[in-house]
Amino acid sequence: MENVEQYFRTVLNFSEEDWLFLASKMKRVEIPKKTDVTQIGKVERYLSFLEDGVVRLFIPKEENDLTFAFVFKESFVSAYDSFLKQTPSEYSLATITDSVLYRMEYNDVQEIFNSTAIGNRIGRIATEELFLKKAKRELDLLNKTAEERYLSLFTERPELIKEIPLKFIASYIGITPQALSRIRKRII
């Protein structure tokens, strides 16, 4: 939990009492790679902080899943729209690597918002972080070629090449695995 506390202390100024209350609401969960975190059609019960690992957000399809986001360590992760509305999720979350999450249940998050000075700031930070990632993804899809999206992905996250299967990367940048193979041959 030290990494989680350090992260929160770098982005928030809060009392020891607030931290202890927040920490009491977090449950540490180790999840093996290739494990569902949230399934399509299920209500998201948690707002999680990913201490370590990689999580993929995707829409399951018979032939090829549609990957639309990757979440890396020291980030919030959730089917956030499902979490906020407490309605079934329209997509799934699964670990790509062994992962460690600190989870807070919906009712606990509401209690944190209502009972602590830092509650609303935590909510704002989580919301802003998730929104900025979504906005960047949409702009990349609209403004960049597949090759530019691929190169941008590895400029921002060079560890991707080792951790994420190429079929997920191809899906994320909106091309087939064969087209990704051609791009990779061209730039290597």
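Buried here means under 20% relative accessible area, exposed means over 50%, and partly exposed is in between (1.4 Å probe, protein chains only). This is a predicted model, so local features need pLDDT of at least 70 and side-chain atom pairs count only at pLDDT 80 or more, while totals for chains, interfaces and linings use all residues. Residues are numbered from 1 along each chain as its sequence is written, and side-chain values use heavy atoms, with hydrogens and water left out.

View A. Helix α9 spans residues 177-187, with Ala179, Leu180 and Ile183 buried. Helices (H or I, at least four residues) and strands (E, at least two) are DSSP runs, numbered from the N terminus. Looking down the axis of α9, its buried residues sit within an arc of 100°, so they line one face of the helix; that arc is taken from the directions from the helix axis to the C-beta atoms.

**View B. The largest nonpolar core.** A nonpolar core is a set of buried Ala, Val, Leu, Ile, Met, Phe, Trp, Tyr and Cys residues joined through side-chain atoms within 4.5 Å. The largest one has 24 residues, and Phe8, Leu22, Leu47 and Phe76 have the most contacts inside it. Among the elements that each supply at least two residues are α1 (2-11), α2 (16-24), β3 (46-52) and α5 (119-143). The top contributor is α5, with 4 residues. A second, separate core has 18 residues, including Phe70, Phe168, Tyr172 and Ile183.

**View C. Around Phe8.** Not counting residues up to four places away in sequence, Phe8 touches Phe14, Trp19, Leu22, Met26, Phe76 and Ile122. Contact means heavy atoms within 4.5 Å.

**View D. Helix α1 against helix α2.** The α1 and α2 axes come within 12 Å and cross at roughly 135°; axes are lines fitted to C-alpha atoms, for helices over the stretch in contact, and angles run from 0 to 180 degrees between N-to-C directions. That makes α1 and α2 oblique to each other. On the α1 side, Val4, Glu5, Phe8 and Arg9 meet Glu16, Trp19 and Leu22 in α2. For the label "oblique", angles under 35 degrees count as roughly parallel, over 145 as roughly antiparallel, 65 to 115 as roughly perpendicular and the rest as oblique.

**View E. A buried lysine.** Lys25 lies in the loop between α2 and β1 (27-31). At 17% relative accessibility, Lys25 counts as buried. Leaving aside neighbours within four places in sequence, Lys25 is in contact with Arg103, Met104, Asp108, Glu111 and Ile112.
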